[in-house]
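Please walk me through this structure.

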Amino acid sequence: MAYLTLKNINKIYPNGFHAVHNFNLEMEKGEFIVFVGPSGCGKSTTLRMIAGLEDISNGDFMIDGRRANELGPRERGVAMVFQSYALYPQMTVYDNIAFGLELQGADEDYIDERVRSTARILGLTDYLDRLPRALSGGQRQRVAIGRAIIRKVGIFLMDEPLSNLDAKQRVTMRSEITQIHRETGATTIYVTHDQTEAMTMADRIVVMKEGYIQQVGTPRELYFSPANMFVAGFIGEPPMNFIRAAVKDGHIRIGDAVLDLSHKLGERLARCEGRELVFGFRPEAVRLGEHESSYVLHAEVELTEMLGDNTNVYIKMLGEQAILKVDPHDTPETDSAITFSVPYESVYLFDAETEQVI
């Protein structure tokens, strides 16, 4: 039996807005699950329903086999870290971390042992006497995490905890949160709109759009086997390129280009006859020039972005724009004509109407 189960969970507000639709998910004990999607997709609402901060309109939420819909936040055994640090400015780091245990009436010696142990895990030992205003953003977020993990609960919920940090701090905190998860062994549900956070931290990712789950899988599954165009375009940086195409006379036609995809689609090709498709490929999958076992395409270079370890090349082909990610030593000239190859195995095909993968 799964540790956490969400079965046909819906959230409908009094004004009729349906924020979350038939959300179904099972989570094992100790998993690190990330909810990812654009703003307004329902990920934070779902997290708040798990926490008991939002009522579940209908559906069943189970914790270790026990229905938890009617349980309050304390009874669910969850600890939550919010986007804002929500620290008490008049309290020291020590007192902020200890606050939850003090409310529970824990023994003073036990509190002291737990605070100092938690501070060691988070690298806050030298800051216990400081007030929050004397800390950096990353240190404040560690204090907020410390206040959550000190309670030894079985479920940690994190709602975009890194969004207020700068880029360098986010990279550092990603690895620290992952390490804390390993040390505590708690089931963790983490909400973010940043697909890089999702890909680097999660055991499994739940991709959401407009209140619906689009796909659930490991980072590798979502990257290499996206279920639809939304997932394919959301996971990966830069996003996947999409070029409109059609199947005619057993071949894929992209403008004047004719591509033989019989080895890609096999028997499915005949069923696609006459249909509009979307030809997808990731920027990093391409190689400049002509190569074997690849589709060869031609384009005009509009712009290049030198990023150090690679160059993003913005191209226009057959009236559509795309991005190629190439070795910086092979950066083409702006306004030049280029030829590039997409390996057979790196091509994705989607139904233009349903946007589902073929």
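Lys 11 lies over the face of Tyr 13, 4.9 Å from the ring centre. A charge sits over a ring if NZ of Lys or CZ of Arg is within 6 Å of the ring centre and within 35 degrees of the ring normal.

The model is predicted: local features need pLDDT of at least 70, side-chain atom pairs count only at pLDDT 80 or more, and totals for chains, interfaces and linings use all residues. Residues are numbered from 1 along each chain as its sequence is written, and side-chain values use heavy atoms, with hydrogens and water left out.

Next come the ring pairs. The structure holds eleven aromatic pairs. Rings of Phe, Tyr and Trp (its six-membered ring) pair if their centres lie within 6.5 Å; planes under 30 degrees apart count as stacked, over 60 as edge-to-face and the rest as tilted. Take Phe 281 and Phe 340: their ring centres are 5.9 Å apart and their planes stand at 40°, so this pair is tilted. Both residues are buried, meaning under 20% relative accessible area with a 1.4 Å probe, protein chains only. Ring pairs also link Phe 279, Phe 281, Tyr 295, Phe 340 and Tyr 344 into a cluster.

Phe 281 belongs to strand β14 (residues 276-281) and Phe 340 to strand β19 (residues 337-343), so the pair ties together parts 59 residues apart in sequence. Strands (E, at least two residues) are DSSP runs, numbered from the N terminus.

Note on methods:
Helices (H or I, at least four residues) and strands (E, at least two) are DSSP runs, numbered from the N terminus. Buried means under 20% relative accessible area, exposed over 50%, partly exposed in between (1.4 Å probe, protein chains only).
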